Amino acid sequence: MLWKKSDIPRKLPRILMLAVVFALAGCAVQPWTTLLEGDRYEEASSLMDTLAAENSVCGRTLEGDLGLVFTSALDRNALNGFLEFSQPTAYRFVVTNPFGQPLFAAAGDHLSYQAINVPERLHMAGSMRSFVLRHKLPLEFLSRSWGEWIMARNTRPSSSVTAIYEDREGRGVWITYRHDENEPAGRSHLLVDPVETRIIARVLEDGKGETVAEVTYADWQDGGRCRQPREVNISGLKYGAQIRLKFTDLRLSDEEKRFQLPVPPGFTRQLRP
């Protein structure tokens, strides 16, 4: 079911940010098994250094058409728009009607957001922390790791690794690291294909060891070592919900961008704490 125009101001900001940050909750059986030790551990941990080195020379900014689907046990919402995302957390997302006229736009980063509702001639702005608390969302929303999550990348060295496990389905190895002190407490687990040197899934945990998100990547756009998934799937959400991001006409560039949404003439400005 597509969103009705009247639903846009109520649903889009929350679902858009859910999709970008993957701040979700709930997961089933852990997908890893045997703990690696000795030479196997050392060999697998070196994958983090390889990934970090390769990813550091890849484009910092992604842009392309985005199809977003949010499904729960009670509802299914879908929309299409154009996303610009620049490392580490800057974004702008614009939804248009079939004639190419903008209906809604959102922009910001992990600290603040702005949104424009064209039909209601309304400009909204506020802090991400207040947004997270107001909607009772996980504090992982406030992480600076959005770029790693949405672009399937790694910036952590092998020295950050705390454990490595075999994958239950034999797809690769799970590499675990604790989040930095300037991030929300918790751990991340990366499923790495050692042959392709590619992250194919990640599981995020909060400080209590509870799963916040499980993300898988598919339909890779070949760019040598700078490969980008065109499909991002998030499962294990509360209430049986799922999120799917599907990119088309995807482009990467080295330019680092920041995005603002000026208040259009005649629009009401609404500041939120």
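I began with contacts, meaning heavy atoms within 4.5 Å: residues 24 or more positions apart account for 56% of the contacts in the chain with a separation of 6 or more.

A note on the source: this is a predicted model, where local features need pLDDT of at least 70 and side-chain atom pairs count only at pLDDT 80 or more, while totals for chains, interfaces and linings use all residues. Residues are numbered from 1 along each chain as its sequence is written, and side-chain values use heavy atoms, with hydrogens and water left out.

Next I looked up the elements (DSSP runs numbered from the N terminus: helices are H or I of at least four residues, strands are E of at least two). I found 4 helices and 15 strands.

Then I checked burial (buried is under 20% relative accessible area, exposed over 50%, partly exposed in between; 1.4 Å probe, protein chains only). Of the chain's 273 residues, 53% are buried.

I turned to nonpolar cores (buried Ala, Val, Leu, Ile, Met, Phe, Trp, Tyr and Cys joined through side-chain atoms within 4.5 Å). The largest has 54 residues, and Leu83, Phe85, Ile164, Ile175 and Phe247 touch the most other members. A second, separate core of 8 residues includes Tyr165, Trp174, Ile200 and Val203.

Last came aromatic pairs (ring centres of Phe, Tyr and Trp, its six-membered ring, within 6.5 Å; planes under 30 degrees apart are stacked, over 60 edge-to-face, the rest tilted). I counted 5. Tyr91 and Trp146 make a tilted one, 6.1 Å centre to centre with 45° between the planes. This pair links strand 4 (residues 90-96) to helix 4 (residues 146-151), 55 residues apart.
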